[in-house]
Structure formats: C-alpha cells, structure tokens
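Trainee: I would like to take a close look at a single part of this model. Please treat the matter in one connected account.

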Amino acid sequence: MTRTKTQKMVQIALIGALYTVLTLAVAPISFGAVQFRISEALTLLPLFSPVGIWGLAFGCLVSNLIGFFTGLNPIGLIDAPVGTLATLLAGLVTYYIGRRDFHAEQHKDRLAKMILGALPPVLFNGAIIGLELTLVFGGEPGQNFAALYAFNAGSVAFGELAVCYTLGMALCAVLWRRDLYKRCFGETGCVH
C-alpha cells in the first residue's frame, strides 16, 4: 500500500472511532425512537472528503454492534446494517453536495454547502430508521402504521436536525476557518 492509501485508511478508522466514542458517550439517548446522537455532527465530513463517507459508515456499524452487545441498543443487530445503509446513503449525497458549486462568492458557497449538506442525514435517517423502528416495534401495515411511522421518522429526523444544524455546521465552520480541512484531509479535499 502506498502512503496515501494508508493515510486514507487511518482517516477512515479515526472518523469511525470518533463517531463510536461520541455515540457511546451519550448512549442512553443515542438509541431508540427518540435519539440524539452528538456523533451525527460528523455526518457533514463528506463535504470535505470521501473518507468521511466510509468513516461514518464504519463508525455507525461499530456503534450499533457495540450497543447491541452491551445491551444499550436492543435492536443493534438490525440497526447495524440498516443504520449503516442510511448513513452511507446520506454520506454519498452529502459528498455530492460538497463537490457542487452553488455561488461565486466563497463564503456564500460554503454556507450553502453546510445548509444543504446537513439535509441528507436528516432525511435518510428519518425515513429509513423511522421505518426500521416502526417495523421492529410492532407497526403492522394498516391504519396505525402511518401514524406510528410518522412519529418515529419525525422523532429521528428531529434529533438529526438538531445535531446537524448546530454541532455539524459549527464543525464545518471550524474546519473551513483557515482551511483546517486541508490539514485533516489533504490538499485534495473536495471543497474549496
């Protein structure tokens, strides 16, 4: 492996480890229908580099498995593949947003990327994890299914919204300030 591949693997592992530590640090509120994962602030990292996509997916998988084996996440074996899929899809769309040019002025372009980049984690996690929770916790297709799904999707999306649009955007602002993202991800980061 070249040094670049090794560096990328280390970055992926570090992002995954940080995601896992932050998830487990607030474990009682990281799992369930009403969840508030501060680690989801990291879901904006794909704006800067594709390693963010894979680091987040890895961290989500590990967090849910550790949550299951420690009893913190009773549906962790289901949540591991489903949550990882939601995180992966959101990361891919966020990465695409980071590669787009929205405005000629750099500070306005960065603001647009932060606002739009925080949206995929909210939408994908709300929709996918909301469906997972509804199916696992007794939602059967019928009259009450839609209401239960709306509640679960809404509560997950609200937690994502709160974290991504506060902590996530703050993280982006810090990384953009003085181009710190270049030190984290190298000169070839996908944003400018």
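With which residue does Lys113 form a salt bridge, and how far apart are the closest N and O atoms?

Mentor: The model is a predicted one, and the values below are computed from it. Lys113 forms its salt bridge with Asp109, and the closest N and O atoms of the pair are 3.2 Å apart. The cut-off for such a bridge is 4 Å between a side-chain nitrogen of Lys or Arg and a carboxyl oxygen of Asp or Glu, so the contact qualifies. Side chains of opposite charge can pair when their charged atoms come close. Helix α5 holds both Lys113 and Asp109, which are four residues apart, or about one turn of the helix. Lys113 and Asp109 are both buried.

By this rule, the count of salt bridges comes to two. The other bridge joins Lys108 to Glu105, with 3.7 Å between the closest N and O atoms. Lys108 is partly exposed because its relative accessible area is 38%, a value between the limits of 20% and 50%. Glu105 likewise counts as partly exposed, because its relative accessibility is 36%. The Lys113 and Asp109 pair, by contrast, is buried.

Helix α5, which spans residues 106-117, also contains Ile115. Ile115 belongs to a nonpolar surface patch that it forms with Phe102, Leu111 and Leu116. Together, these four residues have about 310 Å² of accessible area. Ile115 itself is partly exposed, because its relative accessible area is 39%.

For the setting beyond this helix, the nonpolar cores may be considered next. The largest nonpolar core has 20 residues, and those touching the most other members are Leu44, Leu45, Leu47, Phe48, Cys172, Trp176 and Phe185. At least two residues of this core come from each of α1 (3-25), α3 (51-69), α7 (143-176) and α8 (180-185). Helix α7 gives the largest share, namely five residues.

Leu47, one of the residues with the most contacts to other members of the largest core, is located in the loop between α2 (27-30) and α3. Leu47 counts as buried because its relative accessibility is 0%. From Leu47 to Pro120 the separation is 73 residues in sequence and 11 Å in space, taken C-alpha to C-alpha.

Technical notes
Residues numbered from 1 in each chain as written. Predicted model: local features only at pLDDT ≥ 70, side-chain atom pairs only at ≥ 80, totals over all residues. Heavy atoms only, no water. Core = buried A, V, L, I, M, F, W, Y, C linked by side-chain atoms within 4.5 Å. Buried < 20%, exposed > 50% of the residue type's maximum accessible area, 1.4 Å probe, protein only. Patch = residues over 30% accessible without salt bridge, like charges linked within 9 Å, V, L, I, M, F, W, Y side chains within 5 Å. Areas by Shrake-Rupley, 256 points an atom, 1.4 Å probe, with all protein chains shown as cover.
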